[in-house]
Amino acid sequence: SDKILKKIILLLIISLSTITNLFSQENPQSIYRNGIEKFFNSDFDLAITYFTDYIKTETQAYEAYNYRGLCYLAQKNYAKAKEDFSSAVHLNKSFSQGFVNRANIFALQGDYDAALRDYNNAILADRANLEIYYGLSLLYINSKEFNKALIELKTAAALAPKNARVYLNTA
């Protein structure tokens with residue numbers, strides 16, 4: 001009777017662990033959604049973990065690299081952020097925001113030539129992305145080329161005349 005009880009307990013433990021494993025195995029889409037949720041809740045460490053797990057199975061997921069890069073950027077880990085943005089634009093050459101994000105890091109690090117190159121690549125990918133013109137205007141303001149900065153902001157205003165941020169940046 002003692003042996004039977006041990007077998008029952010063992011079977012119960014095995015079946016419970018199997019059920020637990022079924023619930024803990026998330027599909028890639030739910031892992032990605034969890035990463036997005038953690039990102040927007042500013043839980044960057046956990047978001048990085050989710051995006052890393054997602055990228056392991058979805059190796060071409062340029063948007064996941066971009067989000068993970070944004071997490072690293074928020075943590076001021078510029079090297080890893082730049083690496084992820086580079087992966088994103090390598091996987092999708094028409095991903096304008098990836099070029100903008102990497103350009104922003106180059107600008108933060110003082111590599112204005114590389115930043116300008118990436119902003120220009122972003123324009124080639126999607127000239128309607130307002131972030132390009134905000135970044136370029138800041139680059140030109142930093143180098144005291146105010147006329148060029150104004151041209152970039154006027155371009156943004158022409159693309160989005162009702163966007164208040166354009167006018168705030170111009171002021």
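Ser42 sits in the loop that joins α2 (28-40) to α3 (44-57). Helices here are DSSP runs of H or I with at least four residues, numbered from the N terminus. The model is predicted, so local features need pLDDT of at least 70 and side-chain atom pairs count only at pLDDT 80 or more, while totals for chains, interfaces and linings use all residues. Residues are numbered from 1 along each chain as its sequence is written, and side-chain values use heavy atoms, with hydrogens and water left out.

Most residues other than glycine have a negative phi. Ser42 has a positive phi, near 60°, and is not a glycine. Lys76 is not a glycine either, and its phi is positive at about 65°. Lys76 belongs to the loop between α4 (62-74) and α5 (78-91). Its relative accessibility is 61%, so Lys76 counts as exposed. The classes are buried (under 20% relative accessible area), exposed (over 50%) and partly exposed (in between), with a 1.4 Å probe and protein chains only.

**Salt bridges**

A salt bridge is a side-chain nitrogen of Lys or Arg within 4 Å of a carboxyl oxygen of Asp or Glu. The count by this rule is 5 salt bridges. The table includes some of them.

| Pair | Closest N and O atoms |
|---|---|
| Arg68 and Asp84 | 2.6 Å |
| Arg102 and Asp118 | 2.6 Å |
| Glu131 and Arg165 | 2.7 Å |

Arg68 and Asp84 form a salt bridge. Arg68 is in helix α4 and Asp84 in helix α5, so this pair ties together parts 16 residues apart in sequence. Arg68 is buried, at 12% relative accessible area, and Asp84 is buried as well, at 2%.

Arg102 and Asp118 form another salt bridge. It links helix α6 (residues 96-108), which holds Arg102, with helix α7 (residues 112-125), which holds Asp118; the two residues are 16 apart. Both Arg102 and Asp118 are buried.

Glu131 is paired with Arg165 in a salt bridge. Because Glu131 lies in helix α8 and Arg165 in helix α10 (residues 164-170), the pair ties together parts 34 residues apart in sequence. Glu131 is partly exposed, with 29% relative accessible area, and Arg165 is partly exposed at 38%.

**A nonpolar surface patch**

Helix α8 (residues 130-142) also contains Ile141. Ile141 has 35% relative accessibility, so it counts as partly exposed. Together with Leu138 and Phe146, Ile141 forms a nonpolar patch on the surface, with about 300 Å² of accessible area in total. Such a patch takes residues with over 30% relative accessible area and no salt bridge, joining nonpolar side chains (Val, Leu, Ile, Met, Phe, Trp, Tyr) within 5 Å and like charges within 9 Å. Accessible areas come from the Shrake-Rupley method with a 1.4 Å probe, and for residues only the protein chains shown count as cover.
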